[in-house]
Amino acid sequence: MPEKYTTPYPARRIHSDGRAEDTEVLLARECPVKLFLDGKQFTTLFASPLELKELAVGHLITEGILSFREIAGVEVEGSEVHVLTKKEKTAHNDKISGEIGAGKPQIFVESDAVFDPEALFAGTGNLESETYKLTRGTHLAALIDGKGKLAVRIVDVGRHNAVDKVVGAALLRGLDLSHLYMLSTGRQPAYMITKAARAGIPLVATKAMPFDSGVEAAKKANMCLVGQLRPEAMLVFANEWRVLV
């Protein structure tokens, strides 16, 4: 599978002692993905060239454009994804124009899920992918249950794409996101936290440090935010009651 995410490229390696040599390295692949809504192009995303159906579904949900129940069908044609909705055309266009930009309602995660610290520490085993080891150029997002068991894990060149894809994959499989936590390799500004909140995810954990905007967004959204997750320790920044101690 990692070979589908990568492509070989020639490079010239120059050493500090003056030696130079020709070599070949694997780079992470990125491609433009055109997303169509009810026959009209909605946006172009730049992502890894796999899980395009999951990307489209997750992106529409985490950006607040549609709910999962409003999606009637999804078809992938090459690097194009066509999404059909159940909404009337006029109402659908009004929803898009009304929700993009300022003035969106405050998001609140209704889930009452709590997690044992051991379930979070267990997640650290899923933080690094083979594709990352080969390219050092990808991010990863995963959804993990309260027992620390992996539900879905997806790699992408973008941290936001990885979140979109893992949310889309989970919903297409019929998983209940309100009792799973999200593991991410990326930093967590408010924008990233809001994407997870729109999907109803109660806790986000990252190996990185969050931004202050991410912490404040998590507090307002009733989400727990964990940073600097390591096998031996973690930092809990918001709604600490979701981590049982």
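Let's start with contacts across the sequence. A contact here means heavy atoms within 4.5 Å. Take contacts in the chain between residues at least 6 apart in sequence: 51% of them join residues at least 24 apart.

A word on the source. This is a predicted model, where local features need pLDDT of at least 70, side-chain atom pairs count only at pLDDT 80 or more, and totals for chains, interfaces and linings use all residues. Residues are numbered from 1 along each chain as its sequence is written, and side-chain values use heavy atoms, with hydrogens and water left out.

Now the overall build. The chain has eight helices and 12 strands. Those are DSSP runs, numbered from the N terminus: helices are H or I with at least four residues, strands are E with at least two. Along its principal axes, the C-alpha trace spans about 65 × 50 × 30 Å.

Next, burial. Buried means under 20% relative accessible area, exposed means over 50%, and partly exposed lies in between, using a 1.4 Å probe and protein chains only. Of the 245 residues, 47% are buried.

Ala 142 sits in strand 7, residues 139–144. Its relative accessibility is 0%, so Ala 142 counts as buried. What does Ala 142 contact, leaving aside neighbours within four places in sequence? The list includes Leu 150, Val 166 and Tyr 181. Arg 153 is on that list too. Ala 142 and Arg 153 are 11 residues apart in sequence, and their C-alpha atoms are 4.1 Å apart in space.

Second stop: Thr 62, in helix 2, residues 52–62. Thr 62 also counts as buried because its relative accessibility is 0%. Not counting residues up to four places away in sequence, Thr 62 touches Asp 164, Val 167, Thr 194, Lys 195 and Arg 198.

Last, cysteines. A disulfide is a covalent bond between the sulfur atoms of two cysteines.
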